[in-house]
Amino acid sequence: MVRFVHTADWQLGMTRHFLDEEAQSRYTAARLATIRAIGELAVGEGCEFVVVCGDVFESNQLAPMTLSRALEAMRQAQVDFYLLPGNHDPLCAGSLYTSAQFQAECPPNVVVLDSSREVRPGVELLAAPWRGKRPESPPALAALAQADGLGGDVLRVLVAHGAVDALSPDLDAPGVMRLADLERAPVQYVALGDRHSTTRVTDRVWYSGSPEPTNFDDVETDSGAVLVVELDGDRADVTPRRVARWRFCTQRHDVNGAADIASLDSALSEIADKDSTVLRLALRGALSVAQRADLDEVLSRHSRLFASVQLWRRHTELATVPDDEEFSGFSGFVGEAVAELVEQARAGQGDAARALGLLLRLSAADNSPVGGGVAQ
């Protein structure tokens with residue numbers, strides 16, 4: 001029997017365009033902290049080792065500090081880590097894994113799976129490392145070729161990275177594996193990386209998913225976990241364990257007036273762990289200029305608490321419809337300019353609506369005449 005942790009797609013060094021510098025720094029730190037959490041989980045669950053099935057790093061051009069801290073986090077864990085090069089960090093010329101820094105700083109408990117190897121008597125890892133970003137054939141095929149004719153009382157795990165034809169819409173993409181080949185392989189378990197959501201393909205073929213989310217929940221439906229795998233003969237027991245500290249979530253709201261804005265404000269207030277939550281909002285509705293200004297204030301206030309708050313532009317339909325009474329007090333040349341802005345706002349021009357909102361805020365803050373054209 002053997003028990004181990006299956007994980008993948010750490011992509012250490014990843015940046016997200018919607019995070020500002022401060023949030024990005026915390027996101028990077030959390031991803032490094034997750035390595036320590038995985039090590040602690042492995043020890044707590046009585047696991048013998050951890051396999052990381054590709055894309056350990058975002059690329060082969062990694063900041064030296066990120067590499068040093070990642071290796072240090074693994075060094076501190078009381079368990080062995082087996083790292084498989086994937087399509088993001090292939091074992092090719094200029095590979096991070098063969099760099100002077102990696103060679104100098106790699107601790108004894110970290111092993112690069114450049115080939116298949118015995119973990120201990122009776123337990124073997126069949127490794128399928130990527131040696132370039134566009135291999136001519138799936139790297140798993142070479143590993144499976146080594147397994148032809150193998151038998152004996154040995155527990156074997158295929159460690160691979162890439163899409164499976166049963167799930168991939170692009171069968172010609174590099175690295176796509178045939179599920180039929182995986183099912184026929186003389187292995188007890190197939191540990192896969194590439195898919196960032198935890199996915200059971202068959203009872204013994206699994207994607208662990210990324211241990212920290214890298215995208216929103218419409219793309220990654222179930223990320224943030226690792227798999228604890230126990231093999232006993234032909235039996236494979238697989239148990240997901242959540243380790244993520246961050247969330248990338250989407251909310252949809254209708255906003256058609258002050259009550260809806262208040263409801264949205266309340267819903268955002270109730271979300272826990274805001275500083276590690278990336279929130280994307282899909283909003284629909286029609287608001288007056290004053291109400292749109294109120295909405296913008298609510299979003300601005302919450303954006304200071306969350307790691308990020310942004311509108312999902314493709315799914316947001318917010319119309320700003322100036323109320324007939326909102327700008328009736330303006331006259332003279334200011335009134336003419338305001339009337340023109342009102343027409344532009346009603347035609348859907350967002351800049352005009354924002355200008356009107358600013359005008360309302362300024363006029364509310366200052367009771368004196370504005371440009372001599374505001375009726376008292």
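1. A word to start with: two strands are said to pair if DSSP finds at least two bridges between them. With that in hand, welcome to this structure, which is a predicted model.

2. Let us begin with the sheet that runs S5-S6-S7-S8-S10-S9: these six strands form an open sheet, and their pairing is mixed. Strand S5 (117–120) and strand S9 (199–202) each have a single partner strand, so they stand at the edges with one side left without a neighbour in the sheet. From one strand to the next, the twist averages 25°.

3. Inside that sheet, have a look at strand S8 (residues 189–193) and strand S10 (residues 205–207), which pair in the parallel sense over three bridges. To find the spot on screen, pick Leu192, whose bridge partner in S10 is Tyr207.

4. There is also an open sheet of six strands in the order S4-S3-S2-S1-S11-S12, again with mixed pairing. Its edge strands are S4 (110–112) and S12 (235–242), each pairing on one side only. Ignoring direction, neighbouring strands here are turned by 25° against each other on average.

5. In this sheet, strand S1 (residues 2–7) and strand S11 (residues 225–232) run antiparallel and are joined by five bridges. His6 is a handy landmark: its bridge partner in S11 is Leu227.

6. Finally, turn to helix H7, which covers residues 289–303 and has 15 residues. From its first C-alpha to its last it reaches 21 Å, close to the 21 Å expected at 1.5 Å a residue. Which residues of H7 are buried? They are Val289, Arg292, Ala293, Leu295, Val298, Leu299 and His302.

Definitions and conventions
Residues are numbered from 1 along each chain as its sequence is written. This is a predicted model: local features need pLDDT of at least 70, side-chain atom pairs count only at pLDDT 80 or more; totals for chains, interfaces and linings use all residues. Side-chain values use heavy atoms; hydrogens and water are left out. Helices (H or I, at least four residues) and strands (E, at least two) are DSSP runs, numbered from the N terminus. The expected span of a helix is 1.5 Å times one less than its number of residues. Buried means under 20% relative accessible area, exposed over 50%, partly exposed in between (1.4 Å probe, protein chains only). Axes are lines fitted to C-alpha atoms, for helices over the stretch in contact, and angles run from 0 to 180 degrees between N-to-C directions.
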